[in-house]
Amino acid sequence: MTADSRDIVYRILVEKEESGSYVGDILEVQLRKNQFQDKQIRAFITRLTEGVVEREITLDFLIKKFSKTPFNKIKTEIKVILRMGIYQILYMDSVPDRAAVSEAVKLAEAHKLKGLTGYVNAVLRAVVKAREDNRINGMLCSSREVRFSTPKWLVDFLVKTYGKETADKILSAQFENRPTSIRVNTTKISTEKLRESFEEQKIRTEEGRLSKQALLIDDYDFIRKLPGFGKGFFSVQDESSMYAVERLLEASKAGALEDSEVGRNTEIAEGTETVDVLELCAAPGGKSLYMAELLGERGRVTARDLTVAKTDLIRENAERLGLENVEVQERDAVCLDGDMIGRADIVIADVPCSGLGVMGHKNDIKYNVSEDGMKELSKLGKTILRNAVMYVKDGGVLMFSTCTINPGENGDVVHSYLEENGTSDGFKLIEERTFLQGIDPCDGFYFAILKKA
């Protein structure tokens, strides 16, 4: 792999350290800039960048073990170079140890850190020696925090909430390579035809496990370069989210849910009446746009979010998918909209959350979430839910959902509302489910469907 690709990774990681931005946002910009480079180069950049971030606690533990300089005295730039080097040595079999060490030294030289090249070389060679002596695994098993590269408080929280065995599966899942879940836009192309198109391009595909409109794809290049993306033939959306939308639509036509075929294509009950759908906190628009696809001309979907950047993203996706039955609005879900009271057949409240269900995709979420932050998000969810129920027509349905597996932000919010106001407001719970990564074949996700009498 070229020195230039490592330099791109180095610059991304230094920017992440200095700006506090999420690494995925910085990486996306760099991948777009370099999308016409060789596929292997982009894959290397992505793997090394994301890998260093997801294993940061582990990597820093090893730096402390093998460095004679106290960790807090090490320059940020050198920490980044050491993390990159150790990650390649331990987790990238395609990179020879000698190359990982020598390229790290070259990086230090290129960024005017020549006086520290001997230090970089010594630390990385010590790691190589420890691995050859089979000492690394014993070191990393010292604690779940180190083994799973996850803050101790979060490890303890998951163990307390789900037990050790399940917590270990959840924590392990963040390091697994899973195929990408996409939703086929069947208003434009059949799942079979899109799958054939992918396979012609040597892209591996599997059928979805929870939804028949899902495909699982792997061994592809840049997502925006895939055949059919620009034409709106598909969107990236996890199956858990797709499944929840299908169940919500089923509830809207059938009242209380009965066991039905998982993942079937769902159609609204026969008739010609317009179905009004409102989604709060909708960006990037996956659920509301899937609703728009399923309902077609019979659906009138309003997708709302707080900022121009978020609503522009929803509009961009709706236009790419060719959906004309979607109106996008910039509105704050915390503020009750008196004009919308009692007007929606279907309401989706996909509230802001800690994102603990998508740690495998967003590698630095686990470093930015906090117990106090989760409590504040719980309060926010309660406020948005109290507004959301006001928008549901008599006989309508509401879905409350999150991409976290923290009960305090999802199930506790729903059950608190039902206990305090559900009966007087005419709502009852008709379905509730929590998906756990590492246990279920999807991201971590929660949804509850309420029906209004």
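Visitor: Which order do the strands of the open sheet have?

Guide: Strands of a sheet pair through backbone hydrogen bonds, either parallel or antiparallel. Here, the open sheet of four strands has the order S2-S3-S1-S4, with antiparallel pairing. Strands are DSSP runs of E, at least two residues long, and helices are runs of H or I, at least four, numbered from the N terminus. Two strands pair if DSSP finds at least two bridges between them. This is a predicted model, in which local features need pLDDT of at least 70 and side-chain atom pairs count only at pLDDT 80 or more, while totals for chains, interfaces and linings use all residues. Residues are numbered from 1 along each chain as its sequence is written, and side-chain values use heavy atoms, leaving out hydrogens and water.

Visitor: How many bridges join S1 to S3?

Guide: Four bridges join strand S1 (residues 180-184) to strand S3 (residues 214-218), and the two run antiparallel. For Thr180, the bridge partner in S3 is Ile217.

Visitor: How are aromatic pairs read?

Guide: A pair of aromatic rings is described by the distance of the centres and the angle of the planes. Rings of Phe, Tyr and Trp (its six-membered ring) pair if their centres lie within 6.5 Å; planes under 30 degrees apart count as stacked, over 60 as edge-to-face and the rest as tilted. By this rule there are six aromatic pairs. Tyr87 and Tyr91 have ring centres 5.1 Å apart and planes at 35°, so this pair is tilted. Both sit in helix H5 (residues 76-91), and because they are four residues apart, about one helical turn separates them. Phe198, Phe229 and Phe234 form one aromatic cluster.

Visitor: Are Tyr87 and Tyr91 buried or exposed?

Guide: Buried means under 20% relative accessible area, exposed over 50%, and partly exposed in between (1.4 Å probe, protein chains only). Tyr87 and Tyr91 are both buried. Lys112, by contrast, counts as exposed because its relative accessibility is 78%.

Visitor: What phi does Lys112 have?

Guide: Its phi is positive, about 60°, although Lys112 is not a glycine. Lys112 lies in the loop between helix H6 (97-110) and helix H7 (117-132). Asn134 also has a positive phi, near 60°, and is placed in the loop between H7 and helix H8 (136-140).

Visitor: Where is the cis peptide bond?

Guide: It joins Ala283 and Pro284, with omega about 5°. Pro284 lies in the loop between strand S5 (275-280) and helix H14 (286-295).
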